[in-house]
Amino acid sequence: MKVFVWTIAALALLCSPLAHAQPAREDAAAAELPSAQESREAPRILQVFVEGNQRVEADTILSYMLVRPGDVADPRLINLSIQTLFATNLFADVRVAIEQSTLIVYVRENPVINRVVLEGNRAINDSRINDEIQLGPRSLFTRTRVQADVQRILEVYRRSGRFAVQVNPQIVELPQNRVDLVFEISEGPTTGVRRINFVGNRAYSDRRLRGEVVTSESRWWRFFDSNDNYDPDRLEFDREQLREFYADRGYADFRVSSAVAELVPDQSGFYVTYTVDEGQVYSFGEITVTTEIEDLDPEYLQAIVSTRPDALYVGSRIEESVDTLTFAAGAAGYAFVDVRPRVRTNRETQTVDIEYVINPAPRVYIERIDIAGNSRTLDRVIRREMELVEGDAFNQVLVNLSRQRVRRLGFFENVEITPVQGSSADRAQLQVAVTEQPTGELAFGVGYSSTDAFLVDFSVSERNLRGRGQFLRFRVSESSRRRQIDIRFTEPRFLDRNLAAGFDLFQVRSNFSREASFETESTGFSLRTGFPLTASVEAGLNFTLRNDEVRTFYGVSGAIARAAGSRMTSLVGYSVSWNRVNDFQRPTNGFRLSLNQEVAGFGGDVRYVRTEGRGAIYRNVFRSDVVLSLTGETGMILGWGGDDVRINDRFFKGGNSFRGFETAGIGPRVVQRDTDGLLMRDDALGGNFYAIGALELGFPLGLPEQYGVRGSVFSEFGTMGILPSVDQIADVGGTTSPFTIDELAPRVSVGISIFWDSPFGPVRFDFAEAVVYQDYDRREFFRFSTSTGF
């Protein structure tokens with residue numbers, strides 16, 4: 001009964017009207033000392049007990065109480081204590097009772113979740129949902145948190161285009177105040193985009209604008225594409241895409257008034273409508289660059305910006321100009337300039353004036369270079385690739401070049417060099433952040449190709465040995481036509497100089513019985529060095545000593561039989577390469593040229609000079625992932641000192657080096673006529689000269705990028721020939737006399753290729769048709785091959 005009396009008294013205190021308040025000075029006195037009436041109604045608490053707790057210690061609960069033993073039972077403090085306990089989310093219920101001088105806190109703890117179970121989810125896997133929800137094993141169960149997770153699951157499904165999804169949480173009670181939380185999910189159908197409409201567009205058709213937005217209309221053939229599912233976030237991105245599209249075509253006032261998505265009654269799709277206001281077409285007006293930095297010439301800066309007076313307004317060129325000006329200031333040593341374009345639109349003249357304002361900044365010097373993220377690679381391996389050191393004047397060109405050089409090492413997944421403010425306004429710190437990637441590889445591959453039949457490849461390689469940047473590889477490969485064993489080692493900074501040095505030990509056995517009725521085995525070693533001549537030009541020297549053994553088969557022509565036997569080859573050579581591509585692994589822009597020349601005869605048993613040159617040009621067309629390339633290579637080998645070039649040293653082309661023809665499918669060949677006068681092909685003899693080019697357009701096939709599938713269309717063209725006179729057999733007529741054909745006749749093929757970065761190595765499928773060929777050539781339409789990258 002006393003409990004109810006005290007409860008009523010507490011409510012009366014909290015709800016008492018202000019009209020009964022005492023004068024101000026009496027209130028102040030009351031604040032200092034409780035009145036006699038309050039002392040009689042609110043007893044003093046001598047003990048505080050906790051009941052109902054199972055996992056939470058009583059002392060923990062008491063620590064949240066604002067009423068302690070010895071305090072007066074103030075209803076306001078008791079109420080605030082109850083609120084504080086509820087705020088911990090540890091309790092489902094909290095009650096307080098007062099019995100005489102004892103305060104009793106009754107609690108009912110929230111259950112602990114034993115496990116979270118997802119049922120009915122087929123389109124989205126468990127891990128993706130678990131990454132979004134907050135509840136999990138050993139977390140506290142509250143209905144508020146459960147409802148929050150229900151909303152998170154709904155949002156995951158809505159982002160994937162399923163708006164009809166339903167999530168029903170179920171609770172399975174377990175002993176010891178534990179529960180299993182089960183989310184029953186009814187996914188419903190995918191909510192696609194039925195139609196994309198545009199309102200207000202006059203300059204460009206709906207079809208053209210649909211090609212500019214990421215959201216696409218649902219079609220049955222787009223089973224790999226998720227962009228045809230409705231996503232409200234994607235609609236916001238599409239608004240920006242439309243703005244950039246129009247801004248790059250002169251529409252400076254363009255805006256998207258609204259983007260509305262309407263769900264059809266059966267919830268199977270959306271109608272998306274963009275309302276646009278195109279405005280007028282503008283041109284660039286007056287272009288000026290202003291700066292108070294004396295070392296920067298405004299006239300020079302105005303000449304390098306992308307925007308030009310009277311040219312069509314292109315919004316992206318303003319950003320390009322800002323980047324260009326920032327880069328130019330960085331090249332002059334001003335790292336932290338602020339370039340702000342001031343845009344003035346003249347509606348009467350339909351021109352846009354641009355003033356680029358470069359705010360003053362002091363010349364900056366490098367105070368410190370910090371490297372982070374290299375847990376394995378030594379600091380000096382990274383620092384020696386930097387074009388800047390502490391104390392140098394800041395130069396953005398050298399910063400970018402340093403980043404490219406560190407990336408070229410191939411040890412890091414990502415490289416970022418960020419200048420930050422140093423200890424003073426004229427000091428900067430370079431923060432080099434790298435993300436290391438695995439550089440060691442233990443690879444074992446088994447495959448099949450149309451050329452080598454079966455192939456087995458085993459290798460152990462390390463591109464960053466002991467974190468010093470050294471390269472070491474041991475490789476064994478075997479196929480029906482080739483066996484190779486080699487060991488390769490490279491020190492990139494020999495004697496701590498900018499000089500690469502390395503060696504190779506190898507044994508290679510090749511079987512040319514199908515093409516030319518001989519097989520070879522080469523055993524030897526190579527020594528090589530490489531060094532830069534400029535930032536993009538490199539040179540190298542090499543020496544090779546090998547023993548070549550040629551074994552021929554019975555009944556071969558004299559050109560092949562003369563090569564039989566074992567001979568020692570001593571080669572000295574050099575190479576020069578000029579590389580200006582933007583990506584060494586998969587270039588999309590730039591060019592590269594190389595020249596290699598080797599001389600045999602300084603020692604050994606054979607004498608010849610072999611010269612080869614290669615070149616390639618890459619350009620983006622239409623879009624960034626569509627690349628047009630023009631590649632070419634040529635080579636010539638000539639004997640000297642009275643020696644003729646043996647067949648095993650000549651060039652053989654075809655297969656992967658000339659699609660549409662078999663390996664050694666083009667060039668000089670031994671032939672004879674049948675009874676009908678038709679040529680019958682025999683052994684290929686190789687050639688002392690070749691020239692082959694290819695024009696190729698590479699593009700994605702529309703599949704997700706993680707599948708690693710690309711395609712290309714190509715045309716290859718070239719020729720090969722020039723045999724030594726000693727190996728030529730004259731045509732004496734008849735059907736039993738073999739003779740040689742040696743013509744520098746043109747060959748042309750066209751076709752398509754499909755490239756797949758499969759889990760077991762890169763695979764290439766070639767479909768090629770020879771459209772210009774000779775009757776004695778060996779052609780093929782289909783070829784596929786696989787290999788293991790190192």
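Helices (H or I, at least four residues) and strands (E, at least two) are DSSP runs, numbered from the N terminus. The model is predicted, so local features need pLDDT of at least 70 and side-chain atom pairs count only at pLDDT 80 or more, while totals for chains, interfaces and linings use all residues. Residues are numbered from 1 along each chain as its sequence is written, and side-chain values use heavy atoms, with hydrogens and water left out.

Helix H4 (residues 58-63) contains Ile61. Ile61 has a relative accessibility of 0% and therefore counts as buried (under 20% relative accessible area, with exposed over 50% and partly exposed in between; 1.4 Å probe, protein chains only). Leaving aside residues up to four places away in sequence, Ile61 touches Val50, Asn53, Val56, Leu85, Phe91 and Val107, where contact means heavy atoms within 4.5 Å. Val165 lies 104 residues from Ile61 along the chain, and their C-alpha atoms are separated by 41 Å.

Further along is an open sheet of three strands, in the order S10-S12-S11 and with mixed pairing; two strands pair if DSSP finds at least two bridges between them. Strands S10 (283-291) and S11 (338-346) stand at the edges with a single partner strand each, so one side of each has no neighbour in the sheet. On average, neighbouring strands of this sheet are turned by 15° against each other, direction ignored. Between S10 and S12 (residues 351-359) the pairing is parallel, over seven bridges. Val289 stands opposite Tyr356 in S12.

Helix H11 (residues 315-331) lies across S10, S11 and S12, at about 25° to S12. Axes here are lines fitted to C-alpha atoms, for helices over the stretch in contact, and angles run from 0 to 180 degrees between N-to-C directions. The 17 residues of H11 should span 24 Å at 1.5 Å a residue, which agrees with the 25 Å between its end C-alpha atoms; the expected span is 1.5 Å times one less than the number of residues.

Which residues of H11 are buried? They are Gly315, Ile318, Ser321, Val322, Leu325, Ala328, Ala329 and Gly330. An α-helix has 3.6 residues a turn, so residues three or four places apart point the same way. The buried residues of H11 pack against helices H9 (232-247), H10 (298-304) and H13 (396-408), and against S10, S11 and S12. Just after H11, Gly333 takes a positive phi of about 100°.

Arg747 is placed in strand S32 (residues 747-758). Arg747 is buried, at a relative accessible area of 0%. Its side chain reaches the backbone oxygen of Ala745 at 2.8 Å.

Technical notes:
Polar contact = N/O pair within 3.5 Å; in protein donor to acceptor, adjacent residues only side chain to side chain.
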